[in-house]
Amino acid sequence: MNKIKSLLLVALVCAANTFQAQTQEEDEHGVHGRSETYEAPTDPQVIEKLDEWGDLKFGMLIHWGLYSVPGIMESWNLVSEDWIERDSTIAYNDYKKWYWNLDKIFNPVNFDPDSWADAAESAGMKYVVFTTKHHDGFNMFDTKQTDYKITSGPFQNNPKADVTKHIFDAFRKKDFMIGAYYSKPDWHSQYFWWDKYATPDRNVNYDIEKYDWRWNKFKEFAYNQIEELMTGYGEIDILWLDGGWVRPRETVTDEVRSWGAPIPDFSQEIDMPKIAEMAREKQPGIIFADRTVHGPYENYQTPERRVPETKLDNPWESNLPLGNNWGYVPNDPYKSTTKVLNTLVDIVSKGGNMLLGIGPKPDGTLPLDVIDQLAEIGDWLEKNGEAIYNTHAIDDYQDGNVYFTQNEDKLFAIAMFEDGEELPKKISFSKNLPSENAKIKLLETGKKVDFKIKDGKVEISLPKEIRSKKNISGIAFSIEN
C-alpha cells in the first residue's frame with residue numbers, strides 16, 4: 001500500500017473519532033460562554049436587510065471542500081492542539097503534506113448546484129451560507145491570489161469549475177438570501193503559517209511585530225480575496241466571517257479564552273474597517289457576521305451548536321449541523337426530523353434564526369438520506385410555516401412543550417412532541433390565554449377547533465384525524481382574539 005493510500009485509511013479511521021473532536025470544537029467556538037455585548041448597525045440599508053433576514057428564520061450552511069474527499073472533520077485535523085486526535089504513527093508534517101495534496105484528487109464530476117437549491121427549497125429554507133474558503137485555505141472560488149483552489153485542480157475544465165458562482169446563482173434563482181462564508185485564518189498561506197516555523201496551534205505561527213511586512217501581506221491577501229467575492233459573484237447579502245481568533249488583541253474576552261487556544265501577545269487583526277468600507281461600497285446594505293468579535297462588524301450573533309437558554313432581543317442565529325459534523329463524513333448519524341423541528345421552533349420562539357449545516361459528498365451530490373430528510377422538514381413547514389416565518393418573539397414564549405410566536409395579526413401556539421410520542425387528546429397551556437370569543441384554527445387544516453378556558457388554563461381539542469396520524473413532530477394553531 002502506498003503512502004497516500006495509507007494516510008487515506010488513517011484519515012477514515014480518524015473519522016470515527018470525529019464526534020469527540022467536534023465536542024471539543026464546541027468549546028473552541030465559545031459554546032459555553034457568550035457575551036451579550038451587541039452594537040446595533042446604524043446604516044439604514046443594513047438595518048433593512050437585517051430585518052429581512054430576521055424574517056426568514058431558516059437557512060442552509062454548506063461546508064464543502066477538500067475534507068469531503070476522505071470524509072473527515074473539516075480542516076481541524078491540520079491543527080496541532082491537544083484536542084485533535086490523529087494516528088500517532090503518522091508524523092504531523094507527513095499528515096499535513098497528505099492533506100494539502102488532496103486538491104490533486106478533488107474532482108466533483110456530479111456537481112449539481114440546482115439540485116442543492118431544490119433540496120433547500122423543499123426544506124422550507126430561505127437563505128444559504130456557503131464556505132468559499134475554510135481554515136485549511138483551499139478556495140472554492142476562482143481567486144487570483146493563490147493557485148490553491150478548485151479551479152486549478154482536476155475540476156478546472158468543467159463548465160461549473162467556479163463552484164461558488166454556480167451555487168450562488170442556483171440559490172439566487174430561488175430568491176434565497178446569499179451568504180458568503182469566509183475563514184479569516186488561512187493555514188495554507190505562507191503569510192499565515194510560514195514554513196520557517198512549526199505550526200503549534202491555530203494561530204499565526206510567527207511574530208507579527210517582528211515580521212510586520214509578512215502580516216501586512218496576509219492582510220492584503222485577505223482583503224483582495226474578499227474584494228473578489230464582493231465584485232465577481234453577484235449580489236451578496238451576508239459576509240459570514242469565521243475564525244474568531246483572528247481579531248484585534250483588545251477584543252479578546254473571557255469567551256475567547258474559554259476556547260482553550262493560546263492567545264498571542266499581538267493582534268491578529270486584518271483591518272476590518274477597511275474591508276467593511278470596501279464591501280459596503282460594492283454590496284450596499286450587506287450584513288456582516290464577524291463571528292464572536294463583538295462590535296460594529298457583528299451585525300448578528302452566532303451561537304454555535306447550541307440554543308440560548310432564554311429569549312434574546314439582539315439579532316441572532318444558532319448554527320447547528322444536521323449530523324455530528326459540518327462536512328460530509330460517511331455514516332455520520334443525523335438528527336431526526338423531529339429533533340430538527342423542535343430545535344427550529346425553540347430558536348424561533350426565542351427570536352432567532354436557525355442555520356442548518358449540510359455536507360455535500362466529494363462527487364458534488366447531496367446524500368440521498370439528507371435530501372429525503374430535508375423534504376420531511378419542509379412538509380411540516382409547508383403546513384405550519386405561518387407560525388414560523390415573518391414572526392417575532394414575545395416575552396412569554398414557552399409553556400412546557402408549547403411555544404408561542406406572533407406576527408402583526410395573530411398569535412401562534414406550537415405544541416411540539418418527541419420522537420414516537422403519542423399525541424394527547426387535548427393541548428393545554430396557561431400562558432397567553434385567548435379570549436372566550438377567540439378563533440383558534442389548526443394551521444395544518446385551516447379549520448377552527450374547539451377549546452375551553454378553565455382555572456386559568458386553555459384546553460384545545462385535537463381532531464381525530466390529527467390524533468390518528470403517526471410521527472407528528474408538532475401541531476401549530478393560530479389564535480385571533
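**Ground rules.** I number residues from 1 along each chain as its sequence is written, and my side-chain values use heavy atoms, with hydrogens and water left out. Since the model is predicted, I ask for pLDDT of at least 70 for local features and count side-chain atom pairs only at pLDDT 80 or more, while totals for chains, interfaces and linings use all residues.

**Salt bridges.** How many salt bridges does a search of the whole structure find? I got 24, taking a salt bridge as a side-chain nitrogen of Lys or Arg within 4 Å of a carboxyl oxygen of Asp or Glu. As a reminder to myself, side chains of opposite charge can pair when their charged atoms come close.

I looked up K219 and E269, which form a salt bridge with the closest N and O atoms 3.6 Å apart. K219 sits in helix α7 and E269 in the loop between α8 (254–257) and α9, so this pair ties together parts that are 50 residues apart in sequence. My helices (H or I, at least four residues) and strands (E, at least two) are DSSP runs, numbered from the N terminus. E269 counts as partly exposed because its relative accessibility is 25%. For the record, buried means under 20% relative accessible area, exposed over 50%, and partly exposed in between (1.4 Å probe, protein chains only).

Next I checked E304 and R291, a salt bridge whose closest N and O atoms are 3.2 Å apart. E304 and R291 are both in the loop between β5 and β6, 13 residues apart. Buried or exposed, I wondered about R291? R291 is buried, because its relative accessible area is 2%. E304 is buried as well, at 4% relative accessibility.

K350 pairs with D346, and here the closest N and O atoms are 3.1 Å apart. Both K350 and D346 are buried. I also noted a network in which salt bridges that share partners join K49, E235 and D237.

**Positive phi.** Most residues other than glycine have a negative phi. That made me look up R305, which is not a glycine but has a positive phi of about 60°. R305 lies in the loop between β5 (287–290) and β6 (317–321), and its relative accessible area of 14% makes R305 buried.

S75 is another non-glycine with a positive phi of about 60°. Where is S75 found? I located S75 in the loop between β1 (58–62) and α4 (92–100). S75 counts as buried because its relative accessibility is 0%.

**Polar contacts.** For these I want a pair of N or O atoms within 3.5 Å; within protein, one must be able to donate a hydrogen and the other to accept it, and residues adjacent in sequence count only if both atoms are side-chain atoms.

S189 is in the loop between β3 (177–183) and α7 (212–232). A polar atom of the S189 side chain lies 3.0 Å from the backbone nitrogen of Y191. S189 is buried, with a relative accessible area of 8%.

K149 is in the loop between β2 (127–133) and α6 (163–172). Which backbone oxygen does the side chain of K149 reach? I found that of T143, at 2.6 Å. K149 counts as buried, since its relative accessibility is 9%.

**Distances.** N407 is in the loop between β9 (402–406) and β10 and is buried, with a relative accessible area of 17%. C-alpha to C-alpha, I have N407 and A393 at 8.9 Å in space and 14 residues apart in sequence.

P273 is in helix α9 (residues 272–282) and counts as partly exposed, at 46% relative accessibility. P273 and F155 are 118 residues apart along the chain, and their C-alpha atoms are separated by 36 Å.

**Charged patch.** Which residues gather in a patch of positive charge on the surface? I listed K425, K426, K452, K454 and K464. Patch members have over 30% relative accessible area and no salt bridge, with like charges joined within 9 Å and nonpolar side chains (Val, Leu, Ile, Met, Phe, Trp, Tyr) within 5 Å. K425 is in the loop between β10 (411–416) and β11 (426–429), and K425 is exposed, with a relative accessible area of 63%.

Key:
Areas by Shrake-Rupley, 256 points an atom, 1.4 Å probe, with all protein chains shown as cover. Lys, Arg positive; Asp, Glu negative; His and termini not counted. Charge placed at Lys NZ, Arg CZ, Asp CG, Glu CD.
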